[in-house]
Amino acid sequence: MTAHEIDYRIYGEEMQYVEIELDPEEGVIAEAGSFMMMDDGIKMETIFGDGSQKDSGFLGKILGAGKRILTGESLFMTAFYNNLVGKRNVSFASPYPGKILPIDLTGFGGKFICQKDAFLCAAKGVSVGIEFSKKLGRGLFGGEGFIMQKLEGDGMAFIHAGGTMAKKELQIGETLKVDTGCIVGFTQGVDYDIEFVGGIKNTIFGGEGLFFAKLQGPGTVYIQSLPFSRLAGRVLASAPRGGGKNKGEGSILGGIGDLLDGDNSF
C-alpha cells in the first residue's frame, strides 16, 4: 500500500483547519462535511469507502463502505484530486473547538486506532477501517462500544480532538486511567480495557461514570479535554425551555438577574 505524499499546514488555535498542498495527480480523502475551501482546478469526487487499494474491486468497495456504517459514518467519502499542472490547495476544518493532530502512519508501524468520529482527512491510499474490541467489558462499557476506527497505510492522516490535547508516552507495563470519552486514539501496541470505578459513594455520587478506560503500554496515547458528548451535554442543559424562554426571562429582576447569574442559567 502506497499513499500519496502530501504536504500540509495547520492554521488557527481553538478552531483549526488543515490546508493540504497537492502536487499534480495527488489526492486526499475526507469525511463528508469537513470540506472548507479549495483552489480552482481541484476535482471533487464522491466515492464508496476510502478508495484505498485494499478496497479494490466492486466487492471490496462495497465491503469497505459497509464497514463505515458500523462506525456511524456515511457510506461515502469525498476525494479531492489535483488534475492540473502546478500545486493546488484544499482545506478541511475542525467540526468543533479543539486541535487537529497530524498522524504519520509510517511512524506508528502503519496503524493507528482512534475514536469513531475523530477522523478528518488523509492522503489518498490510506485505509479507513474498523477495529473490533476483543474484550466484552470494553465493548459494553467503554463508551466507544465494540468498534473503533482503524487507520492503516504509509501516508499522512489527520484526526480531530476536542479542547486541549495531551500526548502520553507509556512504557512497558505503565498504566494510565482515563475517562472513556476522553480517548482520542492510541498506537497498536497499547492494551485498552475497562476498569470499574469502585466504591459505593464513587458509584452513586461521583458523577464521573461507573468505569475508567485503562490504557497499558508500551505505546503512545492521545487524550482530549473536551469530548463532543460533554460539550453537547452542556449545550443541551443551557438551551431555553418552555416556549423558547430561559428561566431568567419574565422574572422581577429581568436583565439585571441575567447579569448577576452570568452563564449559570442552566
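**Close-up A. The largest nonpolar core of the predicted model.** In this predicted model, the largest nonpolar core comprises 39 residues. Phe92, Ile103 and Ile159 are the residues with the most contacts inside this core. Once neighbours within four places in sequence are set aside, isoleucine 103 is in contact with Phe108, Phe112, Gly155, Met156, Ala157, Ile159 and Tyr222. In soluble globular proteins, nonpolar side chains tend to be buried together.

Close-up C. Seven aromatic pairs are present in the structure. One of them joins tyrosine 8 and phenylalanine 158 in an edge-to-face arrangement, with 5.0 Å centre to centre and 75 degrees between the planes. Tyrosine 8 belongs to strand S1 (residues 7-11) and phenylalanine 158 to strand S13 (residues 156-162), so this pair ties together parts that are 150 residues apart in sequence. Tyrosine 8 counts as partly exposed, at 36% relative accessibility, whereas phenylalanine 158 is buried, with a relative accessible area of 0%.

**Close-up D. A stacked pair of tyrosines.** Tyrosine 11 and tyrosine 17 form a stacked aromatic pair, with 5.0 Å centre to centre and 15 degrees between the planes. Tyrosine 11 is partly exposed, with a relative accessible area of 25%. Tyrosine 17, with a relative accessible area of 18%, is buried, because buried means under 20% relative accessible area.

**Close-up E. An aromatic cluster of three phenylalanines.** Phe35, Phe80 and Phe92 together form one aromatic cluster.

Close-up F. Strand S4 (residues 35-38) supplies the largest share of the patch, namely four residues. Methionine 44 lies in strand S5 (residues 42-48). With a relative accessible area of 49%, methionine 44 is partly exposed; the residue does not count as exposed, because that class requires over 50%.

Notes:
Residues are numbered from 1 along each chain as its sequence is written. This is a predicted model: local features need pLDDT of at least 70, side-chain atom pairs count only at pLDDT 80 or more; totals for chains, interfaces and linings use all residues. Side-chain values use heavy atoms; hydrogens and water are left out. Helices (H or I, at least four residues) and strands (E, at least two) are DSSP runs, numbered from the N terminus. Buried means under 20% relative accessible area, exposed over 50%, partly exposed in between (1.4 Å probe, protein chains only). Rings of Phe, Tyr and Trp (its six-membered ring) pair if their centres lie within 6.5 Å; planes under 30 degrees apart count as stacked, over 60 as edge-to-face and the rest as tilted. A nonpolar core is a set of buried Ala, Val, Leu, Ile, Met, Phe, Trp, Tyr and Cys residues joined through side-chain atoms within 4.5 Å. Contact means heavy atoms within 4.5 Å.
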